[in-house]
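Colleague: Could you walk me through a few spots in this one? I'll ask as I go.

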Amino acid sequence: MKIESLCAREISHSEINPPHLEAVYLSSSYKFNGLDEGIEIFDQRKAGDVYARYGHPNHRQIAHKLVDLEFGPESENGRALVTNSGMSAINTLITGLCTSGDKMICAHDLYGGSSDLFHLNISRAGIQVDEYDFSDLEGLEKKIEQTSPTILYLESPSNPVLRVYDIKALAEIAKKYDSYLIVDNTFNTSLIQKPIDLGADFVIYSTTKYLNGHGNALGGAILSQHHDLMDDRLLKTMRLNGSTISPMDAWLLGQGIKTLPLRYKAQQHNAQLLADFLNELSQVSKVYYPGLTMHANHDLAKEQMNGFGAMLSFELKENVDRFLRSLRLVTLAPTLGDINSLVLHPATMSHRNMPEKQRLELGITDQLIRLSVGIEHIDDLKSDILEALKA
Ligand SMILES: *Cc1c(COP(=O)(O)O)cnc(C)c1O
């Protein structure tokens with residue numbers, strides 16, 4: 001063999017003994033042993049990989065892990081599709097379920113990106129998007145009777161003022177009118193809330209947030225027990241949209257998930273302590289955290305969740321910008337769910353595209369600050385906040 005071929009040929013896979021951690025399969029395609037095998041794998045009569053956009057070993061492994069977390073390791077019908085961002089999971093699911101002329105009703109307080117996606121691209125694709133207050137169950141049912149939506153879509157607790165919606169009651173309404181109920185469970189993870197057990201049809205995650213937890217990889221997931229839709233129509237939509245998670249990001253997500261229960265426990269613990277602490281401060285006028293007994297939906301949260309999460313928001317009476325600039329430990333950055341505590345200013349960041357009137361009606365004032373609580377020591381978090389208030 002000449003040197004050009006020696007350089008170009010792939011090295012053989014011959015580990016003497018296997019590595020402790022699974023490898024990252026950075027290969028865009030997979031080898032067939034002849035035409036017969038190729039045809040069988042393409043036709044899905046034989047298990048096998050084809051091309052990384054269709055799926056790859058790291059996708060298979062992480063999908064398996066997410067199914068275990070959501071449905072338990074014995075689940076037969078549980079399925080996961082893992083995508084290259086939370087947004088692409090949402091887009092894959094909606095465009096996979098709906099055709100032009102279909103309708104969806106979404107809760108009026110959603111993650112800003114989801115709201116923009118529905119009002120711009122999804123509407124442009126001929127799918128009618130209506131918004132409604134999902135705490136008004138009677139009014140919602142009337143609206144569903146009139147519009148016959150394919151999809152009902154919500155987040156609970158919602159972003160950023162942590163409203164809690166009654167998923168069980170919403171699932172009953174969805175069943176009655178033959179609509180799919182989709183719950184974005186990014187804020188909670190399956191550790192504290194399992195929407196499908198409460199009757200939802202599909203769960204969405206931005207795995208970029210708590211599931212990864214370290215802020216180093218984008219990803220998203222669709223989970224469901226509708227195995228017929230997941231194995232066929234939605235899998236095909238993911239492949240055709242080109243939204244499969246990359247091998248590297250899938251691998252990083254797998255590493256992050258290993259410590260999820262430990263991280264989340266510490267974060268929830270800190271969040272409850274910080275909510276109580278903020279509640280006592282004279283410079284703070286409002287605190288939103290479902291774990292506070294004064295929270296409007298505290299009882300519902302206690303009933304449908306197995307914890308109150310680690311997201312909270314609060315209003316300062318004045319000097320919001322100076323406070324945010326004076327924080328030393330807590331970082332001002334537009335994400336959430338990392339091991340580090342993060343603040344965000346919804347009015348100028350996540351909800352900047354929302355008309356001011358609607359934003360204020362939803363309680364997203366210029367004084368509102370959203371806090372994603374990390375795993376730092378509680379004393380350091382408290383003193384960082386106190387120092388920044390004094391600055
Ligand atoms: C971040 C986020 C998304 C979008 O996920 P990406 O991974 O950023 O694409 C969707 N829903 C919620 C609740 C989020 O916080």
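Colleague: Where does phenylalanine 32 lie?

Modeller: This is a predicted model, in which local features need pLDDT of at least 70, side-chain atom pairs count only at pLDDT 80 or more, and totals for chains, interfaces and linings use all residues. Residues are numbered from 1 along each chain as its sequence is written, and side-chain values use heavy atoms, with hydrogens and water left out. Phenylalanine 32 lies in the loop between α1 (3-8) and α2 (35-42), where helices are DSSP runs of H or I with at least four residues and strands are E runs of at least two, numbered from the N terminus.

Colleague: Is Phe32 buried, exposed or partly exposed?

Modeller: Phenylalanine 32 is partly exposed, with a relative accessible area of 32%; buried means under 20%, exposed over 50% and partly exposed in between, using a 1.4 Å probe and protein chains only.

Colleague: Switching topic, where is histidine 345, and what does it contact beyond its neighbours within four places in sequence?

Modeller: Histidine 345 is in the loop between β11 (342-344) and α13 (356-361), and it is buried, at 10% relative accessible area. Leaving aside those sequence neighbours, histidine 345 is in contact (heavy atoms within 4.5 Å) with Val320, Leu324, Ser350, Asp366 and Leu368.

Colleague: And how far is its C-alpha atom from that of leucine 371?

Modeller: The two C-alpha atoms are separated by 9.1 Å, with histidine 345 and leucine 371 being 26 residues apart along the chain.

Colleague: Last one, which residues of α14 are buried, and what covers them?

Modeller: The buried residues of α14 are Ile378, Leu381, Asp384, Ile385, Ala388 and Leu389. Their cover includes α10 (260-280), β9 (311-316) and α12 (320-326).
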